[in-house]
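Let's take a friendly walk through a structure together. Have a look at the sequence and the 3D view before reading on.

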Amino acid sequence: MSKKNWPLWEVFIRSKQGLSHKHVGSLHATDAEMAMENARDVYTRRSEGVSIWVVESLNITASNPENNGEMFEPAQDKVYRHPTFYDLPNELKHI
Amino acid sequence: MNKKEKLFCYIQGMGDNALILGHRLAELCGHGPALEIDMALSNISLDLLGQTRSYFQYGATLGIEEFNTEDSIAYSRDARDFKNVLLVEQPNEDFAYTIVRQFLFDSYHYLFLHELQNSKDKTLKAIAEKSIKEVAYHLRFSSQWMKRMGDGTEVSHEKMQTALNDLWDYRGELFVPTDIEQEMADKGIGVEVSAFKETYEKNIARIIEEATLKIPESTWVQKGGKEGKHTEHMGYILSELQWMQRAYPNMEW
C-alpha cells in the first residue's frame with residue numbers, strides 16, 4: 001500500500017532578538033493554516049520565536065549545486081568587495 | 001467540611017479534569033497520525049499537566065495532612081476520590097474520538113477559565129490568567145480538526161459523527177455543579193457555570209455546523225464523575241498513572 005504524504009512546507013522563524021526570519025526546518029501539512037499551526041507546535045515549543053513564515057517547498061527555486069563553480073567561485077578572490085578597508089562610524093549597526 | 005477543605009475539593013475538580021485529560025493525550029505520544037499532530041497532542045497534554053501542577057501545588061498548601069504535596073494528591077487517591085468529569089476519562093478510540101472529546105472540553109475550558117480570571121481567590125485568578133492562553137490554542141486546534149475531518153472525506157465525516165454521537169451525552173455534566181462547586185461560585189471564588197452554558201451550546205453548535213456534522217438529538221446527561229462515580233475506564237487510567245508511586249511509595253526522581 002502506498003501512503004500519500006501531505007505536501008512539504010519550509011518553516012522560517014524570527015527570534016525575539018533576530019531581525020530576519022531564519023530557516024529552521026520543514027514539516028508536512030495539507031494547507032497553509034495547518035502548516036502554521038504545525039510550525040508553532042513543532043518549532044516554537046521552547047520560545048524560539050515571535051513570528052513564523054511558512055512556504056510550500058515546491059514554491060522555492062533552489063540553485064543547482066552543480067553550478068556552484070560559475071555561481072560562487074568568481075567572488076572568492078575579490079576581497080575588495082568586503083567593507084573591511086573602511087572605518088565604520090559607531091552609529092552603524094547590524095553590519 | 002471546613003472552608004479550606006471545601007476549597008481543596010474545588011481545586012481537585014479542576015485539577016483532576018486537567019490531569020486525566022492530559023494523561024489520555026499522553027497515551028497517544030508516539031502514536032499520533034502524523035509526526036506534527038503527535039507533537040501537537042503532546043504539547044496540549046503537557047499544558048494540561050502544567051495546569052494540574054499549579055492546582056495541586058496550591059491544594060498542597062491548604063494544610064490537609066495527607067495531601068501536603070502535589071504528588072500525594074495525584075498519586076495517592078483511588079478512583080472514588082477523583083472528581084473529574086466522565087468526558088475526560090473516555091478512551092482515545094481513534095483520532096475522531098480524541099478530537100471530539102478535546103473539542104467538547106476545550107470549548108467549556110476556555111469559557112470556564114475566562115470566568116475564573118475574576119475569582120476572588122488570587123491564586124486561582126493567576127492560574128486562570130496563565131492557563132487561558134494555552135487553552136485558547138487548544139480550542140483553536142480542536143475546532144480546526146473538527147472542521148477538517150467533519151467536512152473531509154466520507155470516511156472521516158462518518159467517524160466524526162460516530163464519535164460526536166457517542167460523546168455527546170457526557171458534556172452535560174460540565175454544567176451540573178456539585179454543592180461545593182455551587183457554594184464556591186456563590187462566594188465569588190469559583191465559577192458560575194450556568195452563566196455561560198448558553199454561550200457554550202451556541203459555540204459548539206456553530207463549529208459542528210461548519211463541520212457539516214449533525215447535532216445529536218439526545219438530551220441525556222451522563223454524569224457521576226464529579227461525585228467519584230466513574231466509568232470502568234478510570235481504574236485502568238489510574239493503574240498506569242500511579243503504579244510507580246504505588247510500587248515504590250514516596251519515591252522521588
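Predicted model: local features only at pLDDT ≥ 70, side-chain atom pairs only at ≥ 80, totals over all residues.

**Chain A: a sheet and a helix**

Three strands of chain A form an open sheet in the order β2-β1-β3, with antiparallel pairing. Strands β2 (22-28) and β3 (51-56) of chain A stand at the edges; each has a single partner strand, so one side of each is left without a neighbour in the sheet. On average, neighbouring strands of this sheet are turned by 30° against each other, direction ignored. Helix α1 (residues 32-43) of chain A packs on the sheet and touches β1, β2 and β3 of chain A. The direction of this helix makes about 130° with that of β3(A).

What holds strands side by side? Strands of a sheet pair through backbone hydrogen bonds, either parallel or antiparallel. In chain A, 6 bridges join β1 (residues 8-14) to β3(A). Across this pair, A:Phe12 has A:Trp53 as its bridge partner.

**Chain B: helices**

Chain B has 10 helices and 0 strands. Some overall values are gathered here.

| Property of chain B | Value |
|---|---|
| Radius of gyration | 18 Å |
| Box filled by C-alpha atoms, along the principal axes | roughly 55 × 40 × 30 Å |
| Residues that count as buried | 41% of 253 residues |

A compact globule with 253 residues would have a radius of gyration near 18 Å, so the value for chain B agrees.

Now zoom in on B:Asn165, which sits in helix α7 (residues 154-167) of chain B. B:Asn165 counts as partly exposed because it has 16 C-beta neighbours inside 10 Å. B:Ser218 is 53 residues away from B:Asn165 in sequence, and their C-alpha atoms are 8.5 Å apart in space.

Key. Residues numbered from 1 in each chain as written. Chains lettered and ligands numbered in written order. Helix = DSSP H or I, 4+ residues; strand = E, 2+ residues; numbered from the N terminus. Rg over C-alpha atoms; globule rule 2.2 N^0.38 Å. Buried ≥ 20, exposed ≤ 12 C-beta atoms within 10 Å, placed from the backbone. Pairing = 2+ DSSP bridges. Axes fitted to C-alpha atoms, helices over the stretch in contact; angles between N-to-C directions. Contact = placed C-beta atoms within 7 Å.
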